[in-house]
Amino acid sequence: MISCHAAEDPIKKVAIFGGTHGNELTGVFLVKHWLENGTEIQRTGLEVKPFITNPRAVKECTRYIDCDLNRVFGPENLGKKISEDLPYEVRRAQEINHLFGPKDSEDSYDIIFDLHNTTSNMGCTLILEDSRNDFLIQMFHYIKTSLAPLPCYVYLTEHPSLRYATTRSIAKYPVGIEVGPQPQGVLRADILDQMRKMIKHALDFIHNFNEGKEFPPCAIEVYKIMEKVDYPRNESGEIAALIHPKLQDQDWKPLHPGDPVFLTLDGKTIPLGGDHTVYPVFVNEAAYYEKKEAFAKTAKLTLNGKSIRSSLQ
């Protein structure tokens, strides 16, 4: 798969969002710290704004108040007439779009880093929404190389029906950062350190780009979403089987046809069907029980990024 366009304009405005989900505490903790002392995220000639996206959910340490903030940044919700009857997160999305957008306009922020935690064993994960974006392919390559030997995976959410309107999607270059495993409402020092390093390397990349450094062609391995898999359910719609122990914590590992996927309470193993190997992600994610998602199947592929260089002004 080959990219088809390159970024040239220098990056001027960057936001770092924490608390899009109020019980994912690493981003909340880091953003609150940077609001008090932002020295480590400042780079010459670059505006970097840390921001708590869902303060009510953060205060209550819950994922959201009325609905998932990370799903409501489509034109339908952003264009609704402001009213107290609107869900809190829809009103908040309109406020965020006003502050950092408008979405799909020249005035929107250049980059938004949206910080998330997962209860799944995902490690350091970068979320890419556009397989043709040379700038982000280059950035992700830089971050992955800088973090090595610590693994860093790239999750490509480009899909005609499975992608959704994320909080970060109002930026020209949206970047999701997902680090786990970490329980909801909990802080782990190792997870915080990993997320902090990912942001540092990302900002260093932007600084180097703005200084005129040329980044030669590169390639990155990505995992593209193909399908979301629900738990087996009984006729009442209740979960009838659990993630199999051999699948638990095996995010990013190859899952072959016939491999165990679910385990019923009476000990029956339900294997993977189909005829091709997949790579599971968000395995047994706590936040996705309500979304009826046990895990997502991905396909592993390579993206090629063209050489990029800033047109210094």
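1. Y153 is partly exposed, as its relative accessibility is 23%. The model under review is a predicted one. The partner ring of Y153 belongs to Y223, with 6.2 Å between the ring centres and 70 degrees between the planes, so this pair is edge-to-face. The two residues sit in distant parts of the chain, Y153 in strand β5 and Y223 in strand β7, 70 residues apart. Y223 is buried, at a relative accessible area of 4%.

2. Over the whole structure, 19 aromatic pairs are found. One of them joins Y142 and F215 edge-to-face, at 6.3 Å centre to centre and 85 degrees between the planes. Y142 belongs to helix α5 (residues 134-147) and F215 to the loop between α6 (189-210) and β7 (218-229), so the pair ties together parts 73 residues apart in sequence.

3. F215 is buried, with 5% relative accessible area. Ring pairs place F215 in a cluster with F135, Y142, Y173, F205 and F209. K213 lies over the face of F215, 5.4 Å from the ring centre.

4. A further charge over a ring is that of R56, which lies over the face of Y88 at 4.5 Å from the ring centre.

5. E158 is located in the loop between β5 (152-156) and β6 (173-180). E158 is buried but has no salt bridge; K224, the nearest side chain of opposite charge, is 4.4 Å away, whereas the cut-off for a salt bridge is 4 Å. The E158 side chain does make a polar contact of 2.7 Å with the side chain of S131. Leaving aside residues up to four places away in sequence, E158 touches L128, E129, D130, S131, R163 and K224.

Conventions:
Residues are numbered from 1 along each chain as its sequence is written. This is a predicted model: local features need pLDDT of at least 70, side-chain atom pairs count only at pLDDT 80 or more; totals for chains, interfaces and linings use all residues. Side-chain values use heavy atoms; hydrogens and water are left out. Helices (H or I, at least four residues) and strands (E, at least two) are DSSP runs, numbered from the N terminus. Buried means under 20% relative accessible area, exposed over 50%, partly exposed in between (1.4 Å probe, protein chains only). Lys and Arg count as positive and Asp and Glu as negative; His and the chain ends are not counted. A polar contact is a pair of N or O atoms within 3.5 Å; within protein, one must be able to donate a hydrogen and the other to accept it, and residues adjacent in sequence count only if both atoms are side-chain atoms. Contact means heavy atoms within 4.5 Å. Rings of Phe, Tyr and Trp (its six-membered ring) pair if their centres lie within 6.5 Å; planes under 30 degrees apart count as stacked, over 60 as edge-to-face and the rest as tilted. A charge sits over a ring if NZ of Lys or CZ of Arg is within 6 Å of the ring centre and within 35 degrees of the ring normal.
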